[in-house]
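Dear colleague,

Please find the structure below, handed over for your own work.

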Amino acid sequence: MAKAADSSPVAQGLRFFGQATAGVTHEIKNCLALINEFNGLIGDLIQAHEKGHPLNLERIKSLVGDIKRQVASGGEITANLNRFAHSADEEWDQVELGAHLRLFAALAQRSLHRRGASLEVTAGDAPRGVRTRPMLLLLAWQQALEATLGGQQGGGVVRVRLREEPGWAWADFSLEGASGGRLPGPGVEPGLRQALGAREEPAPGGLSLGLPSGQDQ
Amino acid sequence: MRVLLVDDEEELVSTLSERLDLRGIESDWVTNGEDGLRLALENDYDWIVLDMKMPGIGGLETLQAIKRRRPSTKIIVMTGHSSSQDREAGLRAGAQHYLLKPIDVEDLIARMHQVQETEVS
């Protein structure tokens, strides 16, 4: 008989860590594949020129620019991977929710793209800092995202808007531009919510996840 | 030789197509499985080079759909993962070869020629 998967927040966090890392390394590999093709084409054009074909200098300049762009993109992806890896350094830490959600959006980008979906974060004017468990919070964003998408594969945009209430910072997840969406039932697992001291409420087109703010944990 | 390239990474397939063109190999490219399947059924390609991970209908589903309707179509699957899962699934579904990204265009062409030479002999 197959052994049931460990559903503790830590085990879920580790599984999420593995999945997110796999997605990010895929993106890095994609950057390298593109650099490889651009570099290869530059080599091909030079070789053709050596055989007597006119040199298309504009095309070569454009390819050099493409390589520079991919290097910048790869740098951004590895910076996100580094921030993600460091999210496990401290069990509890002060987290700026907008930046944390944008990191999550970058990590989830590949898997969302494959489903024809995307994630947009509206952090509002003021940064909302909370003392929380950064790694588990990434897992909570993942579960809230999945619940908002409702298992549908037909695309759409998930918008996350941050707002503040006395003692609480809320992230409102809503799905736009897709049929289906939010499934009944909890979005973020009760054990994970408990580990974060979080609250969840239904919201139009999705759910709201509340985190305690302005208090020492 | 006429080749169809299918990969959701537009810059990758368009550049690969340009590189094949410089080597005298005619190629078309599309960025999703649906268009890949349509072109594969509408045209007579010598080879289809197919990415395994794409939005919508993925590489494996596209491969299976092409093989169901045109079993003799020759297909090379590309995968960005070092995991053997995708390439084994591709080979089981009837692909002739697999290549790991980043791919070497000379290796790609060599594999196409290798199969065609085997068929001739």
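**Findings**

In β5(B), the residue B:L99 is the bridge partner of B:M78. This is a predicted model, in which local features need pLDDT of at least 70 and side-chain atom pairs count only at pLDDT 80 or more, while totals for chains, interfaces and linings use all residues. Residues are numbered from 1 along each chain as its sequence is written, and chains are lettered from A and ligands numbered from 1 in the order in which they are written.

Helices (H or I, at least four residues) and strands (E, at least two) are DSSP runs, numbered from the N terminus. Two strands pair if DSSP finds at least two bridges between them.

**Chain B around β4**

Strand β4 (residues 75-79) of chain B pairs in the parallel sense with strand β5 (residues 97-100) of chain B over four bridges. Strand β3 (residues 47-51) of chain B also pairs with β4(B) in the parallel sense, over four bridges, and B:L50 stands opposite B:V77 in β4(B). From β3(B) the chain crosses through helix α3 (residues 59-69) of chain B to β4(B), in a β-α-β crossover that is right-handed (with the strands pointing away from the viewer, the path from the first strand over the helix to the second runs clockwise).

Five of the five residues of β4(B) are buried, so the strand is largely enclosed by the rest of the structure. A residue is buried if 20 or more other C-beta atoms, placed from the backbone, lie within 10 Å of its own, exposed if 12 or fewer, and partly exposed in between. B:I75, B:V77 and B:T79 point one way from β4(B), and B:I76 and B:M78 point the other way.

**Chain A: the sheet**

Chain A has five helices and seven strands, and 35% of its 217 residues count as buried. Five of the strands form an open sheet of mixed pairing, in the order β2-β4-β5-β7-β6 (chain A). Because β2 (117-122) and β6 (199-203) of chain A stand at the edges with a single partner strand each, one side of each is left without a neighbour in the sheet. Neighbouring strands of this sheet are turned by 20° against each other on average, direction ignored (axes are lines fitted to C-alpha atoms, for helices over the stretch in contact, and angles run from 0 to 180 degrees between N-to-C directions).

β2(A) pairs in the parallel sense with strand β4 (residues 156-165) of chain A over six bridges, and A:S118 stands opposite A:V157 in β4(A). Helix α3 (residues 97-114) of chain A packs on the sheet and touches β2, β4 and β5 (168-176) of chain A, with its direction at about 170° to that of β2(A).

**Domains and the chain interface**

Chain A is divided into domain 1 (10-86) and domain 2 (93-212), with bounds from an automatic or database domain assignment. Their C-alpha centres lie 29 Å apart. The contact takes 11 residues from domain 1 of chain A and 11 residues from domain 2 of chain A; two residues are in contact if their C-beta atoms, placed from the backbone, lie within 7 Å. On the domain 1 side of this contact, α1(A) gives the largest share, eight residues.

Between the chains, 18 residues of chain A are in contact with 16 residues of chain B. On the chain A side, the largest share, 13 residues, again comes from α1(A).

With kind regards
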